[in-house]
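Please walk me through this structure, from its aromatic contacts to its helix packing.

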Amino acid sequence: MFHGFPNEDPYAHLATYIEICNTIRLAGVPKDAIHLSLFSFLLSDEAKRWLHSFKGKSLKTWDEVVEKFLKKYFPESKTAEGKATISSFHQFLKESLSEALERFRGLLRKTPTHGFSKPIQQNIFIDGLRP
C-alpha cells in the first residue's frame, strides 16, 4: 500500500505494482486497462484521496497516471535534494569500501531521476572515498 507519506518511495511502489499486474492476464484486455483499473486498490489515505480528486475519467492512460503520480509524490525538489546528497557522497570513517559502495548505490536507487551518467557516478564515488 502507498499512503503518500514523505518517506515512501513512489518508484518502488510503481515497480512492485507493475510486477503484481504483470501476473494478471485477461484475454482481450490490454495491460494498461488492468493497470488503470487496479491502481486505486494499492493506494490508501492521502494517496487514494489524491487519485480520486481527478474528476471522472480525466486520467485516460496509464502513462498519464504514472506522470501525475510521480509529479505529486516525487517532485523536482526531491530530485534536487537527492542529486545534492549523491554529489556530496563521502565514505564514513569506519565504513568499508563495500559498505560505502552499497550505500552509494542506495542513494542512486533512491533518486532514479538523478541524471548522472555512469562516468560521473564513478567520479563522485571515487572522489568521496577516504585515502
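This is a predicted model: local features need pLDDT of at least 70, side-chain atom pairs count only at pLDDT 80 or more; totals for chains, interfaces and linings use all residues.

Residues are numbered from 1 along each chain as its sequence is written, and side-chain values use heavy atoms, with hydrogens and water left out.

Start with the aromatic rings. A search of the whole structure finds 14 aromatic pairs. Here rings of Phe, Tyr and Trp (its six-membered ring) pair if their centres lie within 6.5 Å; planes under 30 degrees apart are stacked, over 60 edge-to-face, and the rest tilted. One of the pairs joins F2 and F69. Their geometry is edge-to-face, with 5.0 Å centre to centre and 65 degrees between the planes. This pair links distant parts of the chain. F2 sits in the segment before helix 1 (10-21), F69 in helix 4 (residues 62-73), and 67 residues separate them. Helices are DSSP runs (H or I, at least four residues), numbered from the N terminus.

Are F2 and F69 buried or exposed? F2 is buried, at 2% relative accessible area. F69 is buried too, at 0%. Buried means under 20% relative accessible area, exposed over 50%, and partly exposed in between (1.4 Å probe, protein chains only).

Now take Y17 and W62. Their rings form a tilted pair, 5.5 Å centre to centre, with 35 degrees between the planes. Y17 lies in helix 1 and W62 in helix 4, so the pair ties together parts that are 45 residues apart in sequence. Both residues are buried.

The criterion is NZ of Lys or CZ of Arg within 6 Å of the ring centre and within 35 degrees of the ring normal. The charged end of K72 sits over the ring of Y73, 5.8 Å from its centre. R103 lies over the face of F92, 3.8 Å from the ring centre.

Next, helix packing. Two packed helices are described by the angle between their axes and the distance between the axes. Axes are lines fitted to C-alpha atoms, for helices over the stretch in contact, and angles run from 0 to 180 degrees between N-to-C directions. The axes of helix 3 and helix 4 come within 12 Å and cross at roughly 130 degrees. Helix 3 and helix 4 are therefore oblique to each other. Angles under 35 degrees count as roughly parallel, over 145 as roughly antiparallel, 65 to 115 as roughly perpendicular, and the rest as oblique. The crossing of helix 3 and helix 4 is right-handed. Which residues meet between helix 3 and helix 4? From helix 3 come E46, A47 and W50; from helix 4 come V65, K68, F69, K72 and Y73. Contact means heavy atoms within 4.5 Å.

Helix 6 and helix 7 make another packed pair. Their axes come within 11 Å and cross at roughly 135 degrees. Helix 6 and helix 7 are therefore oblique to each other. Their crossing is right-handed. L97, A100, L101, F104 and L108 of helix 6 make the contact with Q121, I124 and F125 of helix 7.

H114 is found in the loop between helix 6 (97-110) and helix 7 (118-127). At 10% relative accessibility, H114 counts as buried. Not counting residues up to four places away in sequence, H114 touches K83, I86, L108 and Q121. R105 lies in helix 6. At 42% relative accessibility, R105 counts as partly exposed.

H35 lies in helix 2 (residues 31-38). H35 is buried, at 6% relative accessible area. Leaving aside neighbours within four places in sequence, H35 is in contact with Y17, C21, N22 and W62.

Finally, consider D45. D45 is placed in helix 3 (residues 45-52). Its phi is near 55 degrees, a positive value in a residue other than glycine. Most residues other than glycine have a negative phi. D45 counts as partly exposed, at 37% relative accessibility.

How values were computed. Helices (H or I, at least four residues) and strands (E, at least two) are DSSP runs, numbered from the N terminus. A crossing is left-handed if the near helix is turned anticlockwise from the far one by less than a right angle, and right-handed if clockwise.
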